[in-house]
Amino acid sequence: MSNDLSFAHRFEPGNRLEAPPLLLLHGTGGDENDLLPLGQAVSPGSALLSPRGKVLEHGMPRFFRRLGEGVFDEDDLRRRADELADFVEAARARYGIAAPVALGYSNGANIAAAMLLLRPDVLAGAILLRAMVPLSQPPQADLKDKPVLIISGKLDPIIPSSNSAQLAGLLAKAGANVQHPVLPTGHQLTQTDLTMSREWIKAVGFLQVQAGAA
């Protein structure tokens with residue numbers, strides 16, 4: 001674990017050029033170790049950058065404050081998204097990695113969605129697991145052809161299906177290449193989330209390698 005950048009974090013170097021680096025963003029109560037196994041399973045050989053959220057809610061780390069279940073402190077969210085984006089840029093310079101694909105779950109997926117809207121150049125794409133619309137008045141972002149996978153749970157008691165569909169439409173309207181499968185499950189992750197994410201990241205990594213060779 002490293003504390004010498006603005007976030008406590010873990011960094012695991014990659015060993016496959018065709019595997020894009022991943023920015024791992026945990027859910028409420030997780031930490032910088034939480035999603036490392038998922039990242040390794042989704043994209044073996046990817047460099048993994050995994051920060052710990054700085055906000056504590058009853059002792060549980062999060063990436064931004066909320067006022068209630070599904071009600072975000074949007075001023076704090078905007079500030080924290082900028083702070084996280086600055087960290088990613090500093091970490092890229094430190095570790096010599098390309099712009100990462102965010103892999104976020106729940107609270108981590110929500111701040112990744114906010115970063116896409118507020119600082120779109122920081123991320124190469126995103127896997128958003130159980131995400132919802134982060135901002136009630138989002139800026140007009142340019143996400144031209146940026147790949148985004150949103151995986152939602154039809155039975156999710158926290159996120160209405162209409163909200164996740166709204167997020168998919170919002171990112172697609174900004175130009176992102178969005179895929180949005182909805183699984184017959186709740187808020188927790190399943191093996192199908194892993195399988196879908198792994199297949200999607202293979203395609204994204206291939207496209208990035210092809211673009212670099214062009």
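Student: Where is the place of histidine 58?

Tutor: Histidine 58 sits in the loop between strand 4 (55–57) and strand 5 (60–62). Keep in mind that this is a predicted model.

Student: Why is histidine 58 called exposed?

Tutor: Exposed means over 50% relative accessible area. Histidine 58 has 79%, so the word applies. Its phi is positive too, about 55°, although histidine 58 is not a glycine.

Student: What makes aspartate 145 exposed?

Tutor: Use the cut-off of over 50% again. Aspartate 145 has a relative accessible area of 55%, so aspartate 145 is exposed. Its place is in the loop between strand 9 and strand 10.

Student: Which residues of helix 4 are buried?

Tutor: Asn163, Ser164, Leu167, Ala168 and Leu171 are the buried ones.

Student: How do you know that they are on the same side of helix 4?

Tutor: They cover an arc of only 145° around the axis, so they lie on the same side of helix 4. On the other side, Ser161, Ser162 and Lys173 are exposed.

Student: What covers the buried residues of helix 4?

Tutor: The cover includes helix 3 (107–118), strand 9 (125–129), strand 10 (147–153) and strand 11 (177–179).

Student: What span is expected for helix 4, at 1.5 Å a residue?

Tutor: The expected value is 18 Å. Helix 4 (residues 161–173) has 13 residues and reaches 18 Å from its first C-alpha to its last, close to that value.

Student: Which glycine follows helix 4?

Tutor: Glycine 175, with a positive phi near 110°.

Conventions
Residues numbered from 1 in each chain as written. Predicted model: local features only at pLDDT ≥ 70, side-chain atom pairs only at ≥ 80, totals over all residues. Heavy atoms only, no water. Helix = DSSP H or I, 4+ residues; strand = E, 2+ residues; numbered from the N terminus. Expected span 1.5 Å × (residues − 1). Buried < 20%, exposed > 50% of the residue type's maximum accessible area, 1.4 Å probe, protein only. Arc of directions from axis to C-beta. Contact = heavy atoms within 4.5 Å.
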